[in-house]
Amino acid sequence: MEWGLREELRDCLVAAAPYGGPIALLRNCARREKSPGARPLLDTFSASGLLLASIPWKSGQVVQLGWTASEDLLCIQEDGTVLIYNLFCEFKRHFSMGNEVLQNHVLEAKVFHTEYGTGVAILTGAHRFSLATNIDDLKLRRMPEVPGLQKPPSCWAVLSQDRVTIVLLAVGQDLYLLDNTSCSVVTPPGMSPSAGAYLQMAVSFNYRCLALFTDTGYIWMGLATLKEKLCEFNSSIRSPPKQMVWCMRPRSRQRAVVMAWDRQLMVVGNSTECIQFVLDEDSYLVPELDGVRILSRTSHEFLHEIPEASQEIFKIASMAPGALLLEAQKEYEKESQKADEYLREIKDQKLLPEAVSQCIEAAGYEHEPETQKSLLRAASFGKCFIDKFPPESFVRMCQDLRVLNAIRDYQIGIPLTFTQYKRLTIEVLLDRLVLRRLYPLAIRICEYLRLSEIQGVSRILAHWACYKVQQKDKSDEEVAYAINQKLGDTPGISYSEIAARAYDCGRPELAIKLLEYEPRSGEQVPLLLKMKRSKLALSKAIESGDTDLVYTVVLHLKNELNRGTFFMTLQNQPVALSLYRQFCKHQERETLKDLYNQDDNHQELGNFHVHSSYSEKRIEGRVGALQNAVDEYYKAKNEFAAKATEDQIKLLRLQRHLQEDFDKPYLDLSLHDTVSTLILDGHHKKAEQLYRDFKIPDKRYWWLKINALATRGDWEEMEKFSKSKKSPIGYLPFVEIAVKHHNRYEAKKYAPRVMPEQRVKAFILVGCV
Amino acid sequence: MASTARRDVPEPPDFGILKRLARDQLIYLLEQLPGRKDLFIEADLMSPLDRIANVSILKHEVDKLYKVESRPALSTSDQLCFLVRPRVKTMKYIADIVNADKMSGRSRKYKIIFSPQKFYACEMVLEEEGVFGDVTCDEWSFYLLPLDEDIISMELPEFFRDYFLEGDHRWINSVARALQLLNSLYGPFSRAYGIGRCAKMCYELWRELEEESEGDSQGRKPEIGNIFLMDRDTDYVTALCSQMVYEGLVDDTFRIKCGSVDFGPEVTSSDKSIKVLLNAQDKVFSQIRNEHFSSVFGFLSQKSRNLQAQYDRRRGMDIKQMKNFVSQELKGLKQEHRLLSLHIGACESIMKKKTKQDFQEMIKAEHSLLEGFDIRESTSFIEEHIDRQVSPIESLRLMCLLSITENGLNPKDYRSLKTQYLQSYGPEHLLTFHNLKRIGLLTEQAAGETLTAVESRVSKLVTDRAAGKITDAFNSLARKSNFRAISKKLGLIPRLDGEYDLKMPRDMAYVFSGAYTPLSCKIIEQVLERRGWQGLEEVLRLLNGTEFSEAGAAEASPGRDSQRTVLAVFLGGCTCSEMAALRFLGRERGCRFIFLTTAVTSSGRLMEAMAETRA
């Protein structure tokens, strides 16, 4: 171990993350009473003892340390506050375990991992349990009271069964099971009646097994469901072990419990014998998926059951095919004919494929590259004698071992076993390397394993860039340049995400610089909005040509700015303005008015009033709206529109009178149609009056009148009219209209009065040629 | 007309796959809401839907079909599915249904399928109405409807008003996506030309989409090599002229809807209407659609004589020949016979309508407007047209044509024509005039402002882009059309030496009786000929357009079919006359034009889009 600790481990709070994870130490905490001035130190180390970070602890009394599944450090304080730090002791966030915990203080705490994530269990000073099964989605659960519990339980553990988290606790000789609603007394099957009071308990890594230690030195081992006993053992040591953990391999029948006392380590299992080791130093046990890690000041060891493949090969005088193959290969290298003998022996039993697989599998369990190599060499040698042995497993193992050896290097310090590595998956391993800021190694691994760019290299580069923007000692330009240099146009890189991170670190200028590298302007918009660069966001949205994006920004602006500023901003962005207008036209007509008002757009205001006049039912309302329009048109210096609208008001009023006088619908007719209807109904005087009042041009009036008269069949009136004065439209129309109404007799009357150049046409029409 | 045609015109690509893609996606989307359901369809999606899917497909676990309309729906199903355009109005309709159900304590499942895409504004409305959580949304990317072997329509008539009048850019994304789809199926397009701000935006957005997706267009054999994008506002004149080719006249008279037309009783000479699909499959129609109307009758009568002759062959046949005839030819002949009689009926009906409205006079007036003489006389013609209440849309069209060819009306005419119009057709058109002014179709000549002064102002604004006021500035100042100068520069009015033979056309001007070559088509011709805009600088200055021309990396040899296939994209609509003119050009030059348009349009539709009604 590199760490060179001066303190004894027992004087520190220790937490080590599973899967070869980092170690956290809180030193001096025990000595606090002696010299209150000295602050405790919080250190994090890699599994090989390399110091990752060290900070003086400034917050309250820490009861328990623990690591989350994503390798964040949890510091559970006496007052129930949980502080979360990352690997490098940088504070991330904190949360509280609730008021009840705050009042009664934390007596003990445990961090546990289930399929829901990382959880925290707390035993309070009032001997009550509080649970949170997932700290990322915090839901506090207060467990029911244990009846008659006066003192803290001697030991307790968190179990996870059928997706429910429960607490098992021991008080004296009694075991209690606490679930969400109830508390029940349980007795493990096959428990010796004279076993005595429980002192220690241990749950296996997968929550399947449970071990109980009593004050008579008796150990009960069984299923965590308490339905079956696996075995028992009498250690005849009466003091409780400092730590007790399970040591077992997935899918193995050999289950064992490891117990550590101050200077003694004992492994017990389904056997009357036990294995004992002497501990030279204070040690700390870390349960793992397939074994136990043992930490001490100077060493870091791994205790595990030897896997079957390794046993078969390395057992003394083993005749297993793998062992023979390994031997054959060694002889072959010595150029001895014995190689052939060994090989024949395997081949005769037709076990060569098994032999090769065995060697490959065993290589995975080895930590020494030399042993790995010799096993792989043997496998490769054996492969030559098999037709069509699928190469994938061999290649895969070589790659995996290459990766594992790289990360086991003490500089990196992630001592994963092959089994753990497979369980963890390469993606998670890469994440962990990224967490440790080992970007080059992560990228090498991606390249070595030929992971796809988007999954592999780009993702890591993006993480690197996000880390890079946090380096405050470099100028914005330098950082932006460095990032662009390295990332270039790598596919799958989102500059906007990196920029978002830069903004979160309080570097908005850098964020904007980074955004400029973002090729898709649409991607820039959300962050710009967040950074309150709304105007820039608006122009970027418009640039992107995505109207939906423009709408998003516009609505954002609408809520963010006051109305005046909002309108002003829009005025400078015609594209956005038109979009917003379109929206208002359908959805918020009143806003439309305000919009025009702001801009002093009297013409549009006038149009707006005209529009709204249509929706007015009553004539007064309509006239009112039109009058508003007239005012606006005058302001807009649009005399024509004002005049036309005034005429319309005049016409409306008149039509109402006509409607009352003649009891006929006149409203909404055009002037032409109004006059025409009047003539059709024989109100010639009224028509005449309108003709004068509205200054209807002569030509129109004549067209209109002869048309109406002809339709009415009032030929007499027509003749009178034709003689009233000289027709401004000539007399051909008279002929045409009469012909149209099949009155050739009347038509003939007018033909001679037609202008000479059209007279021929007129005569043709009446048929007098 | 076939005499000058070249024989090496490439065949158009097969666009059937577009229909299949859309149909399959729709079925998939409907299946996303398992179980029985009622389907509500937006009215203007009905016809396009009809073209790609038959009712049996729509009945995919669908109990009843409803039309989305203002009436509240009485559906009893527990699942409602809405197939709609992304419009605020429709969102309110849906929200009302959902809210009504909530009030009565009824719980149902609602699903909205937006075509061609969803807009944020729609979700916003749903949210404001408090139903966002109650509905699920999906997109049916039905961007392209192949109407014919060479016409693809996006069926977005509102594009014109939204973009050119309201300055609403939301459809640009849809166009870009449509281009992306076409490019992936029939491209890669190696050369792109375009004119207009919208064209440029669409093009750029499409390029961005292509870069993002990085599809593997390599190695595929392109079927379409060139693409030309054009904004409708580059050339309003052509769209405003009375159409003279048969297809255009049918459209103007009967309104072709989604590639089919309803011929009423006056055409069918029976008491019911017949719906006829007008496309290249119609043997009669495909031969006359591009013809000038004056030669259609002659053709039809020739055709009927031929048909009669074929029928007459029966005489003197022996039994075996007769059997052959009946089994093989008779059906085709009968079909042709039926179509022939329909088209003859349509012709008669068109003739009748046109003569009634003094069609000749109107054409004369139009032609003098285009040529720029006897303006006074034309103005009085328009005045009379208004006074006699011939047709509000037609009157408006003539006024706009006058304004745009004359670079705006003089103040006196501007006022008096507008007053006349309001008196004739109702005061609500005051708002219509405002719209027309904004879009630059009906403007007033600024007193004392010469052409050059306007230009300098416009060009100043163009460089002053950063001010961002550009859209508004363009809207009000709009495009001084400079029509007269452009027409001179490009020689749009053919010099007449003798009678123009409409049966044997010499150039694209035949679509307007030889009086005017459509500007839009002329620009396309010139640019394709020069492979760029070189030499057209003066025209561009007058057009005031944003032009571009880009060559892709992989330029194939010009001899290839794909290089002689041009996708002509009309943003804001394309008329039948323009299509006829370009088809003519294609036959002359040995190239094939494929038309992609936001909608097939006509002068009537343009005017209606601008008109404000009391609704």
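**Sheet in chain A**

I started with a sheet of chain A: three strands form an open sheet in the order β25-β26-β27, and the pairing is antiparallel. Strands here are DSSP runs of E with at least two residues, helices are runs of H or I with at least four, and both are numbered from the N terminus. Two strands pair if DSSP finds at least two bridges between them. I looked up the edges next: β25 (283–288) and β27 (300–303) of chain A each pair on one side only. From one strand to the next the twist averages 25°. Angles run from 0 to 180 degrees between N-to-C directions, and axes are lines fitted to C-alpha atoms, for helices over the stretch in contact. I then followed β25(A) to strand β26 (residues 291–296) of chain A and found antiparallel pairing over six bridges. E288(A) has G291(A) in β26(A) as its bridge partner.

I noted the ground rules here: this is a predicted model, where local features need pLDDT of at least 70, side-chain atom pairs count only at pLDDT 80 or more, and totals for chains, interfaces and linings use all residues. Residues are numbered from 1 along each chain as its sequence is written, chains are lettered from A and ligands numbered from 1 in the order in which they are written, and side-chain values use heavy atoms, with hydrogens and water left out.

**Two hairpins in chain A**

I checked strand β7 (residues 81–85) and strand β8 (residues 91–96) of chain A, which pair in the antiparallel sense over five bridges. Y85(A) stands opposite F91(A) of β8(A). The two strands form a hairpin with five residues between them, and C89(A) in the turn has a positive phi of about 60°.

I then turned to strand β17 (residues 198–203) and strand β18 (residues 209–214) of chain A, which pair in the antiparallel sense over five bridges. A202(A) has A211(A) in β18(A) as its bridge partner. Five residues lie between β17(A) and β18(A) in this hairpin, and Y207(A) in the turn has a positive phi of about 65°.

**Backbone exceptions**

Most residues other than glycine have a negative phi, and most peptide bonds are trans. I looked up R251(A), which has a positive phi of about 65° although it is not a glycine. R251(A) sits in the loop between β21 (243–248) and β22 (255–260) of chain A. In chain B I found a cis peptide bond joining S115(B) and P116(B), with omega about 0°. P116(B) is placed in the loop between β4 (109–114) and α5 of chain B.

**Sheet in chain B**

I traced seven strands of chain B that form an open sheet in the order β6-β7-β14-β13-β9-β8-β12, with mixed pairing. Its edge strands are β6 (145–146) and β12 (547–551) of chain B, each pairing on one side only. α8(B) packs on the sheet and touches β8 (191–195), β9 (226–231), β12 and β13 (565–571) of chain B. The direction of α8(B) makes about 135° with that of β9(B). β6(B) pairs with strand β7 (residues 151–153) of chain B in the antiparallel sense over two bridges. P146(B) has I152(B) in β7(B) as its bridge partner.

**Where the chains meet**

How many residues does each chain give to the contact? Chain B gives 47 residues and chain A gives 45 residues. Contact means heavy atoms within 4.5 Å. The area buried between chain B and chain A is about 4,200 Å², and carbon and sulfur atoms give 53% of that. Buried area is the accessible area (1.4 Å probe) that two parts lose on being put together, summed over both.

I counted two salt bridges between chain B and chain A. The term means a side-chain nitrogen of Lys or Arg within 4 Å of a carboxyl oxygen of Asp or Glu. In one salt bridge, the side chains of E604(A) and R438(B) meet at 3.1 Å, N to O. On the side of chain B that touches chain A, α18(B) gives the largest share, nine residues.

**A salt bridge within chain A**

Over all chains the count comes to 63 salt bridges. I looked up K635(A) and E632(A), whose side chains meet in a salt bridge (3.9 Å, N to O). K635(A) and E632(A) are separated by about one helical turn, because they are three residues apart in helix α21 (residues 619–635) of chain A.
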